[in-house]
Amino acid sequence: PRLVGWDMAKELPHDLWGPYLAVENGSCEWSQNTFVLLDPASGRLKRGTVYSGDVETLLCLRDFPFDVDRVDIAFSCMSHWRTLDGEQVANCPRGRTYRLRPTRQKGEGKWLGLYFSSFVPEWRLLGVSTVVDEQPTNANGVDLTQVSFSFHVQRKSGFFVWKVFVPLYVLIVLCFSGFLFDTADLPGRMGHTMTGFLAAAATLYVVGESLPKVDFLTKIDQMVTSCTLLLAFMATSFCIIGVWQEEYGEDWAKQWNWIAAAALGVFFVLSNLMVFLPPACRKC
C-alpha cells in the first residue's frame, strides 16, 4: 500500500520486503532477478527469484522400466520475508503475515510456465502440477505453508525393450526348438537349453549396470526370473521325458513332449502378461 502513487523515477525503498520460500528437499542457492513496481496506481509489485541447485526425491521403481512417476520440488515458509536489498531475512513467529496464492491479472501471462524444451534423455515430461497447502497451527503457534511443484514424468523404455526384452524373447523362442529334437537325444536337448541359458546370462551381464540396485523385484527383474524359470523347467522336462521314453516307449514320450511344450508356452505367456499388463494399464 505504501507504493500507491509512487514516482516510477525514484528507487524503491531498500527495506521493501517480499515473500521468501525455502526448498525443503534439496540444497539450492537463492537469487533475486526482479523486484519492480508494475502499477503505481495500485501499488502492484512483481518479484522474480531464481533457485539453483539439486533436489532429492524418491521414485517408485516397482514398474521399472515402464514406470510413471513425479519429481517434486517442495517449498515451505512460515511467512518468511526478505528485503529488496537482501540484507534482512526473517519470519513471523506466530500467525501469518501473508498468504500464498496463484494470482494474476489480465495481461500478466500464465501462473505457471515452463521455459525450457522439456527434453530429458531418460524421461518424457507429461505435465506440471502445483499444490499450496496451508498447515494448521502447530503447538508452537507457527503457521506453516507448503508449496509443491510436481513434474509428472514417464520413463522412456525403448533402451530396455531393444536391449533386454527383444534379445531374451528371441532367445526363449529359439530354446523352444529343443522340443523338435528327438526325445531320445537327451544330451543334444540339454546342450541346446544350456547354451540358451548362458546366452541369457551374458545378455543380462552386459545390461546389468543399467538396472536399478534395489531390494525388491522390478518388472524387468520379474521378466528375467520368468525366463530363467522357463529354461529350468524346460531342462527338467527333457530329463523326465527321456526317462519316460525308456520306461513307457517312444510314443508316450512324444505325446508328453508336445504337452510339455504347450504347457511351458502357456506359462511363459501368462507370466509375462501378469507382469506387464498392470503397469501398461496404469501407464495408459
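This is a predicted model: local features need pLDDT of at least 70, side-chain atom pairs count only at pLDDT 80 or more; totals for chains, interfaces and linings use all residues.
As for the overall layout, the protein holds ten strands and four helices. Reading along the sequence gives β-β-β-β-β-β-β-β-β-β-α-α-α-α. The radius of gyration comes out at 31 Å, well over the 19 Å that the globule rule gives for 284 residues, so the protein is more spread out than a compact globule. Along the principal axes, the C-alpha trace spans about 105 × 40 × 30 Å. Of the 284 residues, 31% are buried.

Turning to the strands, five of them make an open sheet in the order β2-β5-β10-β9-β8, and the pairing is antiparallel. The edges belong to β2 (22-23) and β8 (119-120); each has a single partner strand, so one side of each is left without a neighbour in the sheet. For β8, two bridges link it in the antiparallel sense to strand β9 (residues 123-134). Here Val120 sits opposite Trp123 in β9.

Over on the helical side, helix α3 (residues 219-248) and helix α4 (residues 250-283) have axes that come within 9 Å and cross at roughly 170°. An angle over 145 degrees counts as roughly antiparallel, and that is why α3 is roughly antiparallel to α4. Where α3 meets α4, the contact residues split into 18 nonpolar, seven polar and three charged.

Terms used: Residues are numbered from 1 along each chain as its sequence is written. Side-chain values use heavy atoms; hydrogens and water are left out. Axes are lines fitted to C-alpha atoms, for helices over the stretch in contact, and angles run from 0 to 180 degrees between N-to-C directions. Angles under 35 degrees count as roughly parallel, over 145 as roughly antiparallel, 65 to 115 as roughly perpendicular and the rest as oblique. Ala, Val, Leu, Ile, Met, Phe, Trp, Tyr, Cys and Pro count as nonpolar, Asp, Glu, Lys and Arg as charged, and the others, Gly among them, as polar. Two strands pair if DSSP finds at least two bridges between them. The radius of gyration is taken over C-alpha atoms; the globule rule is 2.2 Å times the number of residues to the power 0.38. Buried means under 20% relative accessible area, exposed over 50%, partly exposed in between (1.4 Å probe, protein chains only).
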